[in-house]
Amino acid sequence: MDERTLLDVLVAASALTMVSAMPFLYSALGEVFSQLSGVFNLGVEGIMLVGAFSSIYVASDMGLDAGLLAGVLAGMVTGALLGLVMAFVSVTMQADQGISGIGITLLGRGLSTTLFILLADGVLLVESFQPIRIPLLSDLPVVGDILFNQNIMVYGALLLVPVTAWLLRRTTWGLQIRAVGQNPAAADAMGVNVEQVRYSAVVLGGTMAGLAGASMPLALTNVFQVNMTAGLGFIAVAMVYFGGWSPWRVMFGSLLFSAAYNLQIWVQVLDVKLFGETIPVNILLMMPYVLAIIVLVFARDMQRFRPQAMNRPFRRGD
Amino acid sequence: MIQIRQKFVQRSDPLIVLAPILAILLALVIGGILLLLLGRDPILAYRAMWEGAIGNPFENPTSLANTFTRAIPLMLVATGICVAFRGGVINIGSEGQLFVGALAVVALSASVGDSLPALVYVPLSLVVGFAGGAFWGFIPGFLRARFSVNEILCTIMMNQIAIQLLNIMLSGPLRDPSANVTQSARLPEAVWLGRMLPPTRLHTGIFAALIATVVTWLLLWRTPIGYRIRAVGQNREASRYAGISVPVYIILALTLSGGLAGLGGAAELTGVSRRMVSGFAAGFGFSGIVVAIFGRLHPLGAIPSALLFSAMVTGAERMQRTVQVHYETIIAIQGIVVLFAVSSSMWVQRRAARRLAIDVGMSPSDDEPESGAGDIRPAEA
C-alpha cells in the first residue's frame, strides 16, 4: 500500500469513528444532566431502542414516510416520555434507580421489538441523512474530511458538547441541577424545587437518549434491527463515570469508545497481527467492554466529581 | 419497642402481599391495552399464554412441565441476585455468570470425556458450573472492593464479554467438528441430569435448585457468614466499626451470587440442551433480576416468583405461535412489573411508617422504617 492510499484509508476510518461516536455523545451528554441532578438513569439502553424504532418508523417510506426531521423529533418525543417515566419512578416514587433503569431497559427492548414486528413486519429501511460539506473548511487536508464532511446529526452532537458545558456552568438552571445532585437539602433550603429540577434533568436526559437512538438508524446504519444498540447505552452510562461528569471529557471518551467499536476496521486498515495471525473477530468485539472495565478502574480518581446525592431520593426532613 | 410495632404494622398491612400481585395484574392490563391498540385480541393472546404455561395438567402435563423446567435456572439466578442484594451490591451480570458456568461444564466434559461414572460426574459438573459462575462474579466483586468500580456497570460489561467468550469457544476449541452450525459436541450421557417426566424435559435439576435456595436462605439468616453479608449490606460503616472486613464480604456476596447463576447454567446445560449452542439460555439473566425483585429479594420468595415468571415466559412462546405477537412483548411486560414493584415497595413502606407514626403519635419523618424484608434498596456506596 503506498503512502497516499494509506492516508486516504486512515482518513476514512477516522471519519467513520466520528460518525459512530455520535450516539455515544448524545446519550452520554444526556446522562450527564441526569446524573448531575442525582438520578442514575440506567434505562438509556431501552430509551435508545425505542427512540431508534420510533424515529425510523416515522421517517421511513416503509412506515409513516414523514421525513427525516419528523423522525428525529419522534425519537426525541418518545425519549422524553420514557425519561418522564424514569423521573416519576425514581423521583416521585423514590424507587431504587439502578433497578428502575433495568425496568426501563426491559420495557424499551420489549416495546421496540414488539412494535417493530407488528407495525413493520420486521423490515425498516430509510434513506439516511447525507453528509453536508462545509465550504472552505472541508477543503482542509485530512481534518476537512474527518470533521467537516459529516451529516447534520454529527455536527449536532459535536455542537452539544460546548452547549452542555455552558448550560451546566453558566446558567441558573445548570447550577440548580448540580446543586440538587450535590446537596439537595441545601438546595431545598435555598428555595430550589428539588423534584422539579430533577424531573427536568431526567426528561432532558431521556430526550437526548431518544435522539441518540434516532441517530443510529437515521444517520448511521439506515436500518432498524432488533436490539440494535447491543449494550451501547450501558457503555454511555459508564462513559459518564469515565468522563468525571464533564462534557469535554465525555466527548473524549466517546471518541475512544467509538474507535474501540470500530476496532475491526482499524485492525484491517493498520494490518495489525497477533503472533502473525489475524485476530479473531470475537476478540475485537469483546474489546470495547474490556476497555470499559479497565477505564472504570483507572477513572476511580474521577469519583471525587461524583454527585454526592446520586442514587439518593430526596425528601424534606431527612 | 417501636421496632417491633413497626414490623407488626408492616406485616399486618394487606398491601404488602397485594402490591406485587397488583403489579403483575396492572402490567398484564397495560400489555393487553397495547395488544388491543395493535389490533390483536388480548383475551385470545392471554388464553394462549395460559394454555402454553399451564393448560390442563391432568390431561397433558407438558405445559406445566415446561414451566417447571424453565423455572430451574430462573430460581438459581434469582437466588444469587438475592445474595448480592443482601450484601449491598447489585449484580446485573447473572447472564454472563450463567454462560461461564455452563462453558466450564462443557470444558470439563471435553477434557474428561465419558471416563467418569454418573454418580461422580453429575455432582462434579454442578460444582464446576458453580465455580465458573463464581469466578465471573468474583472479578466485579474484587474490582468493587479494591478499586471501587461501580459493580452495576462492571457486571453489565462482563455479560458482553461472556457472550463473546462463548462465541470464541463455540467457533474454536469447543466446536463440534461434525456440525455445520456453531455448537459444541453433545455432552457424554454420564453427565446428564435425569429427566423425570419424559417426553417433557423436566429434569432432576429442580431438586438442586430447591436445595440451593433453601441452603442460601439458611446461609444468609442462620450463619455468622450470612449475618456479616447482610450487615455489610445494611450499613457498611457500622459493619466496619464492628470489625467486619467489608471488602471480603462484598467480594463473597458477588462470588456466591455468580456461583448460583453458574449452577443455573450447569443445570440448564446438563438437563435441557445437553450441548452448548449459540443463544444458549439467553435472557435468563435479566429475567432472573425480575424474579428476584418480585420475590422480595428473599431466596424462598424466589421459588414461587420463578414459577410465576417462568409461566409467563413459557406462555409467551405459545402466544407468539397463536396470535403472532412477538415473544419479546413479555419482556416489555416484565419491565413494567419491575417498575411497579420497585415503586410500590417504597410506597408501601412509607405508608407503614405513616400508619405507625399515627399509632405512636409521631410525625412520619421522625421514624423511617429500617430496611426489612420488604426493602429492596441496597445500602449506599
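Predicted model: local features only at pLDDT ≥ 70, side-chain atom pairs only at ≥ 80, totals over all residues.
**View 1. Chain B is built from helices.** Let us start with the whole chain before zooming in. Chain B has 14 helices and zero strands. If you follow the chain from its N terminus, you meet α elements in this order: α-α-α-α-α-α-α-α-α-α-α-α-α-α. Of the 381 residues in chain B, 55% are buried. Take the contacts in chain B between residues at least 6 apart in sequence: 78% of these join residues at least 24 apart.

**View 2. Helix α6 of chain B, from end to end.** This helix covers residues 118-147, which is 30 residues. How far does α6 of chain B reach from its first C-alpha to its last? The span is 43 Å, close to the 44 Å expected at 1.5 Å a residue.

**View 3. Chain B meets chain A.** Here 42 residues from chain B and 42 residues from chain A take part in the contact. On the chain B side, α6, α7 (151-171), α12 (284-294) and α14 (329-360) each supply at least two residues. Which helix gives the most to this side of chain B? That is α14(B), with 14 residues. Sorted by class, the side of chain B that touches chain A has 28 nonpolar, 11 polar and three charged residues.

**View 4. Helices α5 and α11 of chain B cross.** A pair of packed helices is described by the angle between their axes and the distance between the axes. In chain B, α5 (residues 94-112) and α11 (residues 246-273) pack at about 55 degrees, with their axes 7 Å apart. Because of that angle, α5(B) counts as oblique to α11(B). The crossing of the two helices, α5(B) and α11(B), is right-handed. Residues making the contact include Ser94(B), Phe99(B) and Val105(B) of α5(B), along with Gly258(B), Gly262(B) and Glu268(B) of α11(B). By class, the residues of this contact between α5(B) and α11(B) are nine nonpolar, eight polar and one charged.

**View 5. A closer look at Thr216(B).** You will find Thr216(B) in helix α8 (residues 205-222) of chain B. Is Thr216(B) buried or exposed? Thr216(B) has 24 other C-beta atoms within 10 Å, so it is buried, since 20 or more is the cut-off. Leaving aside neighbours within four places in sequence, Thr216(B) is in contact with Thr79(B), Val83(B), Leu260(B) and Pro299(B). Along the chain, Thr216(B) and Val83(B) are 133 residues apart, yet their C-alpha atoms are separated by 7.8 Å.

Key: Residues numbered from 1 in each chain as written. Chains lettered and ligands numbered in written order. Helix = DSSP H or I, 4+ residues; strand = E, 2+ residues; numbered from the N terminus. Expected span 1.5 Å × (residues − 1). Contact = placed C-beta atoms within 7 Å. Nonpolar A, V, L, I, M, F, W, Y, C, P; charged D, E, K, R; others polar. Buried ≥ 20, exposed ≤ 12 C-beta atoms within 10 Å, placed from the backbone. Axes fitted to C-alpha atoms, helices over the stretch in contact; angles between N-to-C directions. Parallel < 35°, antiparallel > 145°, perpendicular 65-115°, else oblique. Left-handed = near helix turned anticlockwise from the far one by under 90°.
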